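I kept them in the order in which I looked things up.

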Amino acid sequence: MVRFYLIGFTVLLIFDTIAQCSFKLTAIHAQPLAMSIEWLIRVFTNPWIYISIAGYILTFFTWMTLLKKAPVGPAFAASHFEIVTVMIVSVWLFHEPITQYKLIGAILIISGILFLAIAESKLSKQASN
């Protein structure tokens, strides 16, 4: 079961990170923002939008598969680890800096996920006794 969670959440993070970064690449390539037909053409003729849509669809199906077996609380928290992965990829892809506040936020997110996982593990052990 642990392997299922590790593989499942890794796949979820990969798909979600690809979707988020592709969405930003679409926005960059579609500039300047304008509510016009030309802007819509720039958006929908850009391949990144379709990679983003595919990433969101794959994220959805991976999430639904994980929810069949994973407890909702820790699973929901772990699904938000993508905030950290997108931040890390953004350093490389978009040359965005990791500021002190971003680092503190990432540490808090990771800590929250770990605390929820530990609590869920203890609850499941108590329930089985």
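Before I looked at any crossing I noted the rule: a crossing is left-handed if the near helix is turned anticlockwise from the far one by less than a right angle, and right-handed if clockwise. I also noted that this is a predicted model.

Entry one, helices 5 and 6. I looked up helix 5 (residues 82-94) and helix 6 (residues 100-128), and found that their axes come within 9 Å and cross at roughly 145 degrees. Helix 5 passes helix 6 in a left-handed crossing. On the side of helix 5 I listed Ile83, Val84 and Met87, which meet Lys102, Ala106, Ile109 and Ile110 of helix 6. Sorted by class, this contact has six nonpolar residues, one charged residue and no polar ones.

Entry two, helices 1 and 4. Helix 1 (residues 2-29) packs against helix 4 (residues 72-79) at an angle of about 40 degrees, and their axes are 10 Å apart. I therefore wrote down helix 1 as oblique to helix 4. The crossing of helix 1 past helix 4 is right-handed. Here Phe9, Leu12, Leu13 and Asp16 of helix 1 meet Ala75, Ala78 and Ser79 of helix 4. The residues of this contact divide into five nonpolar, one polar and one charged.

Entry three, aromatic rings. How many aromatic pairs are there? I found a count of three aromatic pairs. One of them joins Phe60 and Phe61, with 5.3 Å centre to centre and 75 degrees between the planes, and it is edge-to-face, because planes over 60 degrees apart count as such. Phe60 is partly exposed, with a relative accessible area of 45%.

Definitions and conventions. Residues numbered from 1 in each chain as written. Predicted model: local features only at pLDDT ≥ 70, side-chain atom pairs only at ≥ 80, totals over all residues. Heavy atoms only, no water. Axes fitted to C-alpha atoms, helices over the stretch in contact; angles between N-to-C directions. Helix = DSSP H or I, 4+ residues; strand = E, 2+ residues; numbered from the N terminus. Parallel < 35°, antiparallel > 145°, perpendicular 65-115°, else oblique. Contact = heavy atoms within 4.5 Å. Nonpolar A, V, L, I, M, F, W, Y, C, P; charged D, E, K, R; others polar. Phe/Tyr/Trp six-rings, centres within 6.5 Å; stacked < 30°, edge-to-face > 60°. Buried < 20%, exposed > 50% of the residue type's maximum accessible area, 1.4 Å probe, protein only.
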